Amino acid sequence: MFVYAHHTTEIAYVLLISMWWNTGESWNHIGNQIQLNQPMTLEQCEYLLSEGMWAASTLNPYYKFVIHCVPDE
């Protein structure tokens, strides 16, 4: 959580990358994930999520990475 000089607070977010697999019917979270331990505003985190920031290789249609912005807890 960020506290500014004028005493307002804003929730801090972190970038989380999770792995998913496809059963042929639905996507399921594998349980593996990695988190960037750098608290930021939601706006900053969403900027990092933008498509132009990442290059992906999707050779295996049964697995994928999903990038999330989650509250820093």
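In which strand does S18 lie? S18 lies in strand β3, a strand being a DSSP run of E with at least two residues, numbered from the N terminus. The model is predicted: local features need pLDDT of at least 70, side-chain atom pairs count only at pLDDT 80 or more, and totals for chains, interfaces and linings use all residues. Residues are numbered from 1 along each chain as its sequence is written, and side-chain values use heavy atoms, with hydrogens and water left out.

View 1. S18 counts as buried because its relative accessibility is 1% (buried: under 20% relative accessible area, 1.4 Å probe, protein chains only). The side chains of S18 and H68 are joined by a polar contact of 2.7 Å (a pair of N or O atoms within 3.5 Å, one able to donate a hydrogen and the other to accept it; residues adjacent in sequence count only if both atoms are side-chain atoms). Beyond its neighbours within four places in sequence, S18 has contacts that include H29, N32, K64 and F65 (heavy atoms within 4.5 Å).

**View 2. Lining of the largest pocket.** The lining comprises 13 residues, with A55, A56, S57, T58 and F65 nearest the centre of the pocket (a pocket is an open set of 1 Å grid points where a 1.4 Å probe fits, with protein on both sides within 12 Å along at least five of seven lines; lining residues have an atom within 4 Å of a point). Strands β3 (13–22) and β5 (63–71) each supply at least two lining residues, and β5 gives the most, with 4 residues.

Methods:
Buried < 20%, exposed > 50% of the residue type's maximum accessible area, 1.4 Å probe, protein only.
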